[in-house]
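Subject: Structure for your files

Hello,

Here is the structure you asked about. My notes on it follow below.

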Amino acid sequence: VRAQNALQLKLQAFIAEELQDWARMFPDEFWYELARLEGVRYSPRHRPLRWGRYIMMFVYDAVDEDVGRVLREKNPNPRFLRNHHQWLKQHGREKVNNQIQRVITIMKLCNNMDEFREKFARVFKKAPTKLPFDDLWGMVA
């Protein structure tokens with residue numbers, strides 16, 4: 001019962017009951033660095049779908065796995081004007097913004113996605129095998 005109450009309190013601090021107004025959450029620098037690490041040309045109009053999975057792994061799940069899970073449940077098909085970050089309260093937005101800045105810092109220190117995955121895993125104490133990257137590499141085309 002205590003664990004369930006703790007989970008509820010945590011989610012109440014992060015997750016809003018209703019979709020919030022859209023506001024830019026990810027700076028252009030995030031997208032440019034991601035494209036550079038993948039060795040692809042960046043286009044703000046045509047971001048690869050796999051980048052959404054990266055955001056879930058590197059940002060939302062890294063902030064809190066329970067928050068990532070609930071965002072997937074509340075917003076199973078994110079799209080323009082229905083993004084995961086629109087379900088966050090101010091506390092959640094602050095945590096996500098801090099995580100984005102940490103991820104950008106790590107990205108800048110890396111030359112490619114393999115190096116980024118390794119450093120990300122070291123910094124956030126996540127086992128690289130825990131994240132399903134092998135499935136994602138098949139999508140790079």
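How many helices and how many strands are there in the protein chain? The count is 7 helices and 0 strands, so please read what follows with the caveat that this is a predicted model. From the N terminus on, the elements run α-α-α-α-α-α-α.

Overall figures

The protein chain has 141 residues, of which 42% are buried. Its exposed surface comes to about 8700 Å², with carbon and sulfur atoms supplying 51% of that. Among contacts in the chain with a separation of 6 or more, 69% are between residues 24 or more positions apart.

Helix H3

Helix H3 covers residues 50-63, which is 14 residues. From its first C-alpha to its last it reaches 19 Å, close to the 20 Å expected at 1.5 Å a residue. H3 also bends by about 35 degrees, at Met-56. The helix is mostly covered, with 11 of its 14 residues buried. Met-56 is one of these buried residues; others include Trp-51, Tyr-54, Phe-58 and Tyr-60.

Glu-38 lies in helix H2, which spans residues 28-38. Is Glu-38 buried or exposed? Its relative accessibility is 15%, and because the cut-off for buried is under 20%, Glu-38 counts as buried.

Regards

Technical notes:
Residues are numbered from 1 along each chain as its sequence is written. This is a predicted model: local features need pLDDT of at least 70, side-chain atom pairs count only at pLDDT 80 or more; totals for chains, interfaces and linings use all residues. Side-chain values use heavy atoms; hydrogens and water are left out. Helices (H or I, at least four residues) and strands (E, at least two) are DSSP runs, numbered from the N terminus. Buried means under 20% relative accessible area, exposed over 50%, partly exposed in between (1.4 Å probe, protein chains only). Contact means heavy atoms within 4.5 Å. Accessible areas come from the Shrake-Rupley method with a 1.4 Å probe; for residues, only the protein chains shown count as cover. The expected span of a helix is 1.5 Å times one less than its number of residues. The bend at a residue is the angle between axes fitted to the seven residues ending there and the seven starting there.
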